[in-house]
Amino acid sequence: MAAHEGDPREQLTALALIAVASLLVFAGRLGDRYGHRRVFALGMLGFGAASAGIGLAGGIGWVIGLRVAQGVFGALLQPATLGMLRAAYPPDRLGRPVAVRTGAIGLAAVAGPLVGGALTTHLGWRAVFFVNVAPALAMGLAALAVRAPSVFPAQASGALAVPAPAAPRETARPRLDLPGAGLLAVALAGLVHTLVGITGTGWTVATMLGLGCAVVAGGVFVRHERRTEDPLVPPGVLRSGTAGPALGVLVAASAALFGALFLGTYYVQDVLALNPLDSGLRALPLAVMMVLGAPVAATLTRRQGPRRTAVAGMVLVVAGVLLMSRLGRGSGAEAIGGCFLLLGAGFATVMVTATTVVVRDASVDTAGVAGGLQQTAMNIGPALGVAAATTLMSVAGRGDITGRPPGDGPRWAAGVFLSAMGPALTVLAAVAAAGALLATRLPGRTATRPPGDQPVEGLPDGPPRSEIASSA
């Protein structure tokens with residue numbers, strides 16, 4: 001596996017993933033303090049500039065450095081989008097915009113590889129980065145120029161909004177917890193480094209050190225957060241009783257999905273010997289259901305409640321993973337496509353429902369941190385799932401791995417792979433089932449927010465401000 005360890009593409013991916021995962025919560029806190037619109041604009045403009053730099057880079061050193069910078073600016077974007085949605089929509093209307101966001105992610109999953117492959121084939125790899133520049137600059141400048149209004153039920157017809165006394169500046173803008181941000185970044189970087197390392201090289205001294213560093217830094221971070229006056233993660237974000245289970249559901253669902261996708265990719269390419277185009281067509285139902293299933297999930301969440309909807313979504317994920325574990329050499333396109341269809345429908349449902357629960361239970365002035373936690377779960381889950389799939393396959397297949405070209409990852413013999421794939425996917429299905437149990441702790445259909453638990457309204461481009469709403 002030495003070739004795989006030194007593959008520049010793997011290094012770039014790992015560095016970007018570490019950069020993103022380690023900064024998401026802090027990026028959300030920056031948005032809470034300085035305004036999500038400004039942070040979004042900075043992230044977009046920086047992402048576009050880094051993309052242009054990569055396209056013009058003259059050596060691998062510049063590419064690696066700018067790829068890390070691209071990951072840092074990308075980390076600013078993700079919590080900001082959820083923070084802006086929370087500021088623009090009342091809690092009971094967040095489902096649909098979150099569904100649109102999820103559908104856009106699914107659409108990008110379909111279009112990205114197709115567009116990237118076409119650009120690389122006809123114009124070279126640099127075109128993949130140059131194509132990002134114009135849209136990033138346009139959206140960044142638009143975010144600076146457009147001031148989005150905040151829309152809440154209290155501002156609708158028949159309601160009267162009475163401004164409360166302005167909060168002191170130090171209350172509206174708490175100090176940034178830089179030590180906490182550093183400790184959390186070290187903990188997450190160590191964890192992601194370990195998970196990525198397990199996939200590429202297995203358990204080595206480096207991966208063990210990374211795991212130990214993550215555990216120590218995580219413990220110090222928890223102690224620091226309990227003692228500091230202005231913690232990075234305000235206590236109210238996780239004390240709602242539903243945010244924690246929702247984050248756990250996201251980790252379980254994404255771990256099961258991406259672990260199954262990792263094994264499914266090897267199955268269609270190495271066992272069935274399909275070319276990349278045919279392999280992509282087999283997996284297309286997953287992306288299609290991500291786009292089509294997101295608005296359906298928002299409607300179900302509103303009518304049936306988060307608990308029933310999330311449990312149903314996790315059951316679909318479990319069914320998709322278990323059906324994939326039964327695939328063999330003679331499985332046709334219908335059976336393979338059915339597995340991906342169930343996975344896409346279930347994951348879209350879980351993602352919309354759990355994300356809505358996490359963000360809506362946070363007040364506007366902590367929505368960025370809530371969004372950062374949600375995105376952290378969505379980064380840790382896939383890395384955990386792929387690492388688990390690799391470890392399970394190595395155990396079930398007794399380490400029987402054949403030679404392979406550099407950069408392609410481990411390559412199992414077809415017979416060994418099929419004998420190990422079933423048990424590995426069964427374990428991943430059990431992970432999804434554990435997520436279904438967590439989903440039973442989400443609020444039901446009749447759960448409502450107490451009148452005194454009204455969220456704080458804020459503007460997307462500045463510090464939060466409080467308003468007391470009463471019916472006319």
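Biologist: Which residues does F340 touch, not counting residues up to four places away in sequence?

Modeller: First, some ground rules. This is a predicted model, so local features need pLDDT of at least 70 and side-chain atom pairs count only at pLDDT 80 or more, while totals for chains, interfaces and linings use all residues. Residues are numbered from 1 along each chain as its sequence is written, and side-chain values use heavy atoms, with hydrogens and water left out. Contact means heavy atoms within 4.5 Å. With that rule, F340 touches L261, R282, A283, P285, L286 and M324, leaving out residues up to four places away in sequence. F340 and A287 are 53 residues apart in sequence, and their C-alpha atoms are 8.5 Å apart in space.

Biologist: Where is F340 found, and is F340 buried or exposed?

Modeller: Helices here are DSSP runs of H or I with at least four residues, strands are runs of E with at least two, and both are numbered from the N terminus. F340 is found in helix α14. For burial, we use relative accessible area: buried is under 20%, exposed is over 50%, and partly exposed is in between, using a 1.4 Å probe and protein chains only. F340 has 5%, so it counts as buried.

Biologist: How do those ideas work for the whole protein?

Modeller: The secondary structure comes to 16 helices and 4 strands. Buried residues make up 49% of the 472 residues. Among contacts with a separation of 6 or more, 83% are between residues 24 or more positions apart.

Biologist: How do I read a nonpolar core?

Modeller: Think of buried Ala, Val, Leu, Ile, Met, Phe, Trp, Tyr and Cys residues joined through side-chain atoms within 4.5 Å. The largest one here has 73 residues, and L263, Y267 and L343 have the most contacts inside it. Elements giving two or more residues to this core include α2, α8 (178–201), α11 (243–271) and α14 (333–360). The top contributor is α11, with 14 residues.

Biologist: What does L343 touch, beyond residues up to four places away in sequence?

Modeller: L343 touches L257, A260, L286, V317, G320, V321 and M324. Apart from that core lies another, of 10 residues, among them L94, A297, A298 and V359.

Biologist: Let's go to V20. What is V20 in contact with, leaving aside neighbours within four places in sequence?

Modeller: V20 is in contact with G71, A75, Q78 and N379. V20 sits in helix α2 (residues 8–34), and counts as buried because its relative accessibility is 11%. V20 and F73 are 53 residues apart in sequence but 8.2 Å apart in space, C-alpha to C-alpha.

Biologist: And salt bridges? How many are there?

Modeller: The rule asks for a side-chain nitrogen of Lys or Arg within 4 Å of a carboxyl oxygen of Asp or Glu. By this rule the count is 2. One joins the side chains of R29 and D32, at 3.9 Å from N to O. Both lie in helix α2, 3 residues apart, which is about one turn of the helix. R29 is buried at 8% relative accessible area, and D32 is buried at 5%.

Biologist: What about D361?

Modeller: D361 forms a salt bridge with R360, where the closest N and O atoms are 4.0 Å apart. D361 is partly exposed at 22%, whereas R360 counts as buried at 18%.

Biologist: How many disulfides does the structure hold?

Modeller: A disulfide is a pair of cysteine sulfur atoms within 2.5 Å. The structure holds 0. As for individual cysteines, C213 is partly exposed at 36% relative accessibility, and C339 is buried at 2%.
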